Every structure is written in structure tokens, then in C-alpha cells.
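Please have the viewer open as I go.

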Amino acid sequence: MKKFDAVVLGGGPGGYVCAIRLSQNGLNTALIEEKDLGGTCLNRGCVPTKSLLHSAEVYREAREAGRFGVSVGEVSFDYAAFAGRKDAVLKTLRNGIAGLLKSHGVTVFTNHAVLDSPRQLLLDDGEILEADHIVLATGSRPARIPIPGIDLPEVVDSTALLELTSCPKKLVIVGGGVIGIEFATLFSSLGTSVTILEMLDSILAPLDADISSAIGSKLTAGGVQIITGVRVTSITEGITVHYTDKAGTEGSVEGDLCLMAGGRKPNSDNLGLDKAGVRLTKRGHVDTDGLCRTNVPGIYAIGDLNGKMELAHAASAQGLTVASHIAGLPCRAFDPHRIPSCVYTVPEAAMVGLTEPKARETGRDIGTGVFSLSGNGKAMIMGQNEGMVKLIFDKSTGEILGAHILAPRATDMIAEIAAVMNAEGTIDELAETVHPHPTVSEVLMEAAHAAYGNCVHAPKVRTK
């Protein structure tokens with residue numbers, strides 16, 4: 001038996017970050033990861049997806065170079081090379097994480113492990129690790145929708161789709177959430193015929209309605225067929241995906257592959273949670289409070305496993321919170337309203353905080369500031385001036401309650417709003433912050449000015 005101050009189970013973006021910070025805080029720390037360091041995000045999720053999307057972006061920019069006065073000749077792409085570059089990026093990042101863990105003195109075990117008691121973990125080689133504090137960070141996996149035909153070899157999840165070395169000609173995507181929309185963006189830009197089937201009435205339902213609608217229009221203009229308000233009933237060889245709408249009308253769509261992008265399931269099984277007495281929610285997540293503590297003292301759960309917010313950076317944030325709490329350092333409860341969410345479409349979309357309808361449900365006096373990218377010089381220079389910014393704020397206090405961006409590099413800019421919200425900043429302070437010109441980031445300042453009707457770079461709103 002080996003004794004540690006803390007043991008982290010799972011080496012994803014929540015687990016390895018937590019382990020390093022625990023070690024930085026002076027705790028003798030071990031990390032257990034049965035597969036690859038970096039977890040789903042690095043190896044089977046956000047990083048490989050964004051690598052492929054960036055390759056597609058370069059291809060798209062090369063095709064459109066003529067409008068900027070650049071002649072490049074005939075442009076083509078090699079999807080196998082896309083995949084090869086992706087794999088090289090992943091390997092480099094995995095090696096980087098291993099080096100970080102080693103440099104910070106974290107002991108790494110490459111094993112599967114289960115809880116044997118509230119203070120012990122049993123490795124699959126029979127070794128037992130004991131710790132005063134155990135952090136569960138085992139993440140999630142693609143959910144399997146129980147419909148006929150789900151086991152056909154041409155029906156894949158996001159993990160399998162990322163392993164392709166050739167580009168499908170026809171792709172059917174079941175699910176219009178972030179995963180489905182990003183893959184639709186990727187493959188449609190490469191010439192694949194893409195159809196999205198979504199059960200809800202709109203794609204990307206959590207986003208601001210104007211932004212999700214604009215993304216849908218952009219995808220449709222690029223040849224993507226989007227069918228909403230339908231339920232998939234079966235998949236037959238071919239591949240043919242059969243569906244029914246709310247009126248009971250049946251339809252079908254054919255493809256070479258069918259991607260099931262209907263969400264994820266927490267890896268809470270086969271962990272020995274019952275042995276340790278750890279409580280689960282009805283949806284199978286580990287039940288935790290705002291500090292990610294389970295009902296068992298000394299045991300924490302972070303990231304997708306607790307289901308508070310299934311995002312890699314949310315898992316990392318929770319890992320840092322837990323590491324501080326274990327070390328007895330100041331920390332505050334995890335607040336999902338201050339965690340940004342991103343969608344890597346063209347243009348990119350990002351949000352943080354509340355949507356306008358959700359903000360109005362709070363009963364506060366809500367104001368909005370909206371600015372169109374058509375008035376931004378840098379966006380015009382880039383040839384990407386389609387988009388908008390919407391800020392949601394409390395009129396009585398000026399507190400920013402939410403922000404929604406559809407713009408090039410929106411996923412980078414949203415962090416500014418998150419920082420303002422985290423500091424309890426106001427719409428006035430954002431308006432008074434001088435932004436460099438010309439940059440796309442100026443749209444944030446302009447939207448703040450627009451909140452009070454003082455936006456210089458927007459036409460005056462005429463009233464009768």
C-alpha cells in the first residue's frame with residue numbers, strides 16, 4: 001500500500017490540473033489515468049476537433065484568397081494529412097502534460113482504479129493507494145440513443161468520427177448541439193453533403209436565439225440541410241436514417257455515415273462508488289455541492305462527472321477550486337454563470353452568463369446592448385463582417401448578466417466579458433475601457449455604448 005495526501009482519478013483537463021495545483025500547494029499527490037493523459041478533451045474531443053477545423057479554415061481561406069488579391073492557383077486538401085497533423089498535435093500536448101506532471105512531482109499511475117473504501121483506491125494490478133483526499137475526475141463518454149440500427153458499423157460517435165482518415169461524401173448528423181454543429185461546419189466546408197436532424201425546434205438551443213438562427217442560416221447557405229422538430233425512429237443499412245416529425249409525418253435521409261451527436265454520459269459506473277458510499281444524481285452524475293464535495297467527506301468529483309457544466313475549462317476551474325479547498329486556501333464556489341461556452345462555427349459563437357429571456361425571468365429590470373459586426377473595421381478588413389454582439393445587463397446596477405457574440409475569434413473575446421463579470425464589473429466600465437483599433441474586440445465596447453444609445457458607429461435610431 002502506498003500513502004499519499006491526495007489522489008486524483010482521471011488525467012483529463014480537470015484531473016491533471018487539479019493534481020498539479022495540489023502538488024503546488026504542498027501535498028504529496030498521485031494521479032491515476034488508465035488511457036491517455038489529457039482525457040477526452042485532448043484525445044477524443046475538443047482539441048482534435050479544433051485541429052481539423054483549423055485545417056479546414058486554412059483550406060477555406062486559400063480558396064477565397066482571390067478576393068484579397070492573392071493568387072494561389074488550384075486549391076485542394078488531403079484529409080489524411082489533416083488527420084496526421086491532428087495526431088501530431090495531440091502527441092505533443094500529451095507529452096507536454098506528462099512533462100508538467102513530472103516537473104511538479106506528481107506520481108502518475110497508468111491503471112484502471114476503483115474505490116475500495118472512502119480512503120482507498122484499488123488499482124487493476126492489485127496495488128492499493130491510500131489518501132486523505134480523493135478527487136474523482138473520470139469524465140464522460142458519448143451517450144448511445146436506444147434506437148434500432150444504432151449498432152450498424154456506419155453509425156458512429158464523435159470518437160470514431162475523429163479517427164477517420166478520409167472525408168465522407170454524405171454525412172447524417174443526429175443532434176444539433178455543439179458537437180453536431182461543429183462537425184457539420186467541418187465537413188460541409190470540405191464539400192461533404194451534410195444533413196442535421198434535431199429533436200428540438202432549433203439548433204444550439206442554449207445560445208441566444210438570434211445567434212443560433214444566424215448560424216443555422218449560414219450553414220444552410222453553405223449547403224447543410226437542417227431538419228428540426230423530428231425524432232429519429234430507426235437506422236437501416238444503406239445508411240438510411242428514418243425520422244418522424246411532431247405531426248407524425250415520416251421522412252428519411254441517406255448518408256455514407258451517421259454521426260450520433262446526442263450528448264454524453266458520465267463515467268460513474270465501475271468506480272466502486274457504492275463501496276465508498278458516494279451518492280449519485282438521477283442522471284448518473286456524482287452529486288456534489290458548489291465546492292465539488294460529495295456526500296462523503298474527503299471525496300470530491302469534478303468535471304463532466306458531476307454534470308454541473310460539461311466543458312473542459314469548467315473541469316479545470318473546478319480542479320483548481322478543489323485543490324485550494326483541500327489545501328485550506330481561500331476559494332469560492334463554482335459559478336456556471338461565469339463560465340464561457342464556445343461553438344467553433346464560421347463565424348465563431350461564444351456566450352457567458354444568461355440569455356435575455358433567462359435574465360428577464362429573474363424579475364430584474366433588464367437592458368441590452370447590441371452591435372452589428374457590419375460596423376467594425378477589422379471585421380470588414382478580414383472579410384468576415386457578418387455577426388453581432390448582445391450584452392445583457394441589470395439597468396439598476398449596471399451589472400453584466402450575460403454576453404453573446406457571433407464574430408471571428410469570438411471564442412477568444414468572450415474571456416474579456418467573463419473577466420468583467422467575475423470582477424462584478426458594469427456595462428459602464430466596459431464602455432469606458434479603451435479597446436485598440438482596428439480590432440474585432442471593439443465590438444464589445446460598441447455594444448456597451450449601444451446599451452445607452454450612445455454608440456458612435458451605429459446609425460441613429462429615429463423615433464416618430
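Glutamate 424 sits in the loop between helix H12 (410-422) and H13, where helices (H or I, at least four residues) and strands (E, at least two) are DSSP runs, numbered from the N terminus. This is a predicted model, in which local features need pLDDT of at least 70 and side-chain atom pairs count only at pLDDT 80 or more, while totals for chains, interfaces and linings use all residues. Residues are numbered from 1 along each chain as its sequence is written, and side-chain values use heavy atoms, with hydrogens and water left out.

Although not a glycine, glutamate 424 has a positive phi of about 55 degrees; most residues other than glycine have a negative phi, and most peptide bonds are trans. Glutamate 424 is exposed, at 58% relative accessible area, where exposed means over 50%, buried under 20% and partly exposed in between (1.4 Å probe, protein chains only).

Cysteine 292, in the loop between helix H8 (273-276) and strand S17 (299-301), also carries a positive phi, near 65 degrees, but cysteine 292 counts as buried, with 0% relative accessibility.

Turning to peptide bonds, the one from valine 346 to proline 347 is cis, with omega near -5 degrees, and proline 347 belongs to the loop between strand S18 (341-343) and strand S19 (348-353). Histidine 437 and proline 438 are likewise joined by a cis peptide bond, with omega about -5 degrees, and proline 438 lies in the loop between helix H13 (427-432) and helix H14 (442-450).
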